[in-house]
Amino acid sequence: YQRRVHGREFPLQDQPMLEVLKSASETVFVPLTVGGGIRDMTEPDGTFRPALQVADEYFRSGADKVSIGSDAVLQAESLINGNQQHTSSIEQIATVYGRQAVVVSVDPKRVYVSTPQDTKHHTIETTFPGPNGEKYCWYQCTIKGGREGRDIGVYEMVRACEQMGAGEILLNCIDKDGTNSGYDLELISMVKKAVTIPVIASSGAGCPKHFQEAFEIANADAALAAGIFHRGEVPISEVKRYLKEDCKLPVR
């Protein structure tokens, strides 16, 4: 379970959400991940709350892991640019709870270029040319639910997050989200080569074969899907059966 905070800016005041988390943790017996608002903040009364304090409340309410999104991108930027002025939320939480408790969720999108020299960011040669025939692309990190692009590539961002203490990367893809056309295998493969921590593929799954491709072609450590399960298009049991029996992949 992952939650993104939009309207509420102060998770410690969001008691209904904490009650939902507590209730879920009592009935769900798989690792429970919560995201939303995990960052340093100052409340309306002037009280400063470090990110660790926000995470503490989530962990006490039953979460096994916390997911950091936009703030992780900004922290990676600061580290790469050499102007990090304080300990990041990733470092704070990983130091106390261990890096396995910190998931970084990133929402990248493709940016096509004609040659690698056209950008300072890490590029790949793609088999899916751009609108003007461009053969190369880089993946731009976004924040605020994909509404704002940042001048940092996902390759550099995930490496910085691992350096700060992240234990997993939840790798979304804005271009693939909701398409049911399969995961962005080139993106997953690139990120897998960038870090040593587990990478969870997300965005684009439409059938069991897409999960197989994420594992066998892109070497993902795990794969996430939402829409096809929520809409009842493909049962979770069928995906697991296909991977285990037809593809001979290890499945829990």
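Which residues in H2 meet which residues in H4? Ala51, Leu52, Ala55, Asp56 and Phe59 in H2 meet Ser89, Gln92, Ile93, Val96 and Tyr97 in H4, where contact means heavy atoms within 4.5 Å.

## About the model

This is a predicted model, in which local features need pLDDT of at least 70 and side-chain atom pairs count only at pLDDT 80 or more, while totals for chains, interfaces and linings use all residues. Residues are numbered from 1 along each chain as its sequence is written, and side-chain values use heavy atoms, leaving out hydrogens and water.

## Helices H2 and H4

Two packed helices are described by the angle between their axes and the distance between the axes. The axes of helix H2 (residues 51-60) and helix H4 (residues 89-97) cross at roughly 50 degrees and come within 9 Å. That makes H2 oblique to H4 (under 35 degrees counts as roughly parallel, over 145 as roughly antiparallel, 65 to 115 as roughly perpendicular and the rest as oblique). Axes here are lines fitted to C-alpha atoms, for helices over the stretch in contact, with angles from 0 to 180 degrees between N-to-C directions. Helices (H or I, at least four residues) and strands (E, at least two) are DSSP runs, numbered from the N terminus.

## Helices H3 and H5

Helix H3 (residues 70-81) packs against helix H5 (residues 154-164) at about 85 degrees, with their axes 9 Å apart. The two are therefore roughly perpendicular to each other. In H3, Ala72, Val73, Gln75, Ala76, Leu79 and Ile80 meet Glu156, Met157, Ala160, Cys161, Gln163 and Met164 in H5. By class, this contact has nine nonpolar, two polar and one charged residues (Ala, Val, Leu, Ile, Met, Phe, Trp, Tyr, Cys and Pro count as nonpolar, Asp, Glu, Lys and Arg as charged, and the others, Gly among them, as polar).

## Helices H7 and H9

H7 and H9 pack at an angle of about 50 degrees, and their axes are 9 Å apart. That makes H7 oblique to H9. Pro208, Lys209, Phe211, Gln212 and Phe215 in H7 meet Glu238, Val239, Tyr242 and Leu243 in H9. Six nonpolar, one polar and two charged residues make up this contact.
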